[in-house]
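Hi everyone, thanks for coming. I'd like to walk you through one structure today, going from the sheet out to the helices and then to a few single residues. Have a look at it first.

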Amino acid sequence: MTLVLVVEDNEMNRDMLTRRLERKGLAVECAVSGPEGIRMAGEVMPDIVLMDVALGEMDGWEATRAIKADPRTTHIPVIALTAHALESDRKKSLEAGCSEFETKPVDIERLIAKIKFLIN
């Protein structure tokens, strides 16, 4: 079963995304901050990380750079999640090491297709 690590500080967004992913047959672990996401990526070794970019004291781009800098987790694909559909956000996400970019509200079918593509 595919294991997804969702890094999202908004409880409602986190719960809704978790339920939708689980209904699609994915296992989900959650982190509520950048530092927790980095720690959990190394501990649970997910198949993929869904990273909110607008986190608290450490944004998702910084957390992604830390995940990509760790030899244990550098291979894990990261999809940036943001409410901003600006090209500058997409560019910043890719520069931080994200493999893909998805805007909120999440189109679950498109997100699942991206997850499948990145882990196969």
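Let's start with Pro105, which lies in the loop between β5 (100-103) and α5 (108-119). When I say helix or strand, I mean a DSSP run, H or I of at least four residues for helices and E of at least two for strands, numbered from the N terminus. The peptide bond joining Lys104 to Pro105 is cis, with omega at about -5°.

Before I go on, some housekeeping. This is a predicted model, so local features need pLDDT of at least 70 and side-chain atom pairs count only at pLDDT 80 or more, while totals for chains, interfaces and linings use all residues. Residues are numbered from 1 along each chain as its sequence is written, and side-chain values use heavy atoms, with hydrogens and water left out.

Okay, the sheet. In what order do the 5 strands come? They go β2-β1-β3-β4-β5, in an open sheet with parallel pairing. Pairing here means that DSSP finds at least two bridges between two strands. If that's new to you: strands of a sheet pair through backbone hydrogen bonds, either parallel or antiparallel. At the edges stand β2 (27-31) and β5, each with a single partner strand, so one side of each has no neighbour in the sheet. Neighbouring strands are turned against each other by 20° on average, ignoring direction. For angles like this, axes are lines fitted to C-alpha atoms, for helices over the stretch in contact, and the angles run from 0 to 180 degrees between N-to-C directions.

Now let's go along the pairs. β1 pairs with β2 in the parallel sense over 5 bridges, and there Val4 sits opposite Val28 of β2. Strand β1 (residues 3-7) is also joined to β3 by 4 bridges, again running parallel, with Leu5 facing Val49 in β3. Then β3 and β4 pair over 4 bridges, parallel as well, and Leu50 stands opposite Ile79 in β4.

So is β1 covered or open? Mostly covered: 5 of its 5 residues are buried. Buried means under 20% relative accessible area, exposed means over 50%, and partly exposed is in between, with a 1.4 Å probe and protein chains only. From β1, Leu3, Leu5 and Val7 point one way, Val4 and Val6 point the other way, and all are buried. β4 is mostly covered too, with 5 of its 5 residues buried. Val78, Ala80 and Thr82 are on one side of β4 and Ile79 and Leu81 on the other, and both faces are covered.

Let's zoom in on Leu81, in strand β4. Leu81 counts as buried because its relative accessibility is 2%. What does Leu81 touch, leaving aside its neighbours within four places in sequence? Its contacts, meaning heavy atoms within 4.5 Å, are Leu17, Leu50, Met51, Asp52, Val53, Glu102, Lys104 and Val106.

On to the helices. Helix α4 (residues 87-96) lies across β4 (78-82) and β5, running at about 145° to β5. The axes of α4 and helix α3 (residues 60-69) come within 8 Å and cross at roughly 25°. That's why we call α3 and α4 roughly parallel; the cut-offs are under 35 degrees for roughly parallel, over 145 for roughly antiparallel, 65 to 115 for roughly perpendicular, and oblique for the rest. On the α3 side the contact is made by Trp61, Thr64, Arg65 and Lys68, and on the α4 side by Asp89, Lys92, Ser93 and Ala96.

What about disulfides? A disulfide is a covalent bond between the sulfur atoms of two cysteines. Here we count a pair of cysteine sulfur atoms within 2.5 Å, and the structure holds 0. For Cys30, the nearest cysteine sulfur is that of Cys98, 17 Å away. Cys30 counts as partly exposed because its relative accessibility is 28%, whereas Cys98, at 6%, counts as buried.

Last stop, two loop residues. Met45 is in the loop between α2 (34-44) and β3 (48-52), and its phi is near 45°, a positive value in a residue other than glycine. At 34% relative accessibility, Met45 is partly exposed. Asp59 is in the loop between β3 and α3. Asp59 and Gly34 are 25 residues apart in sequence, yet their C-alpha atoms are 6.4 Å apart in space. Thanks, that's my tour!
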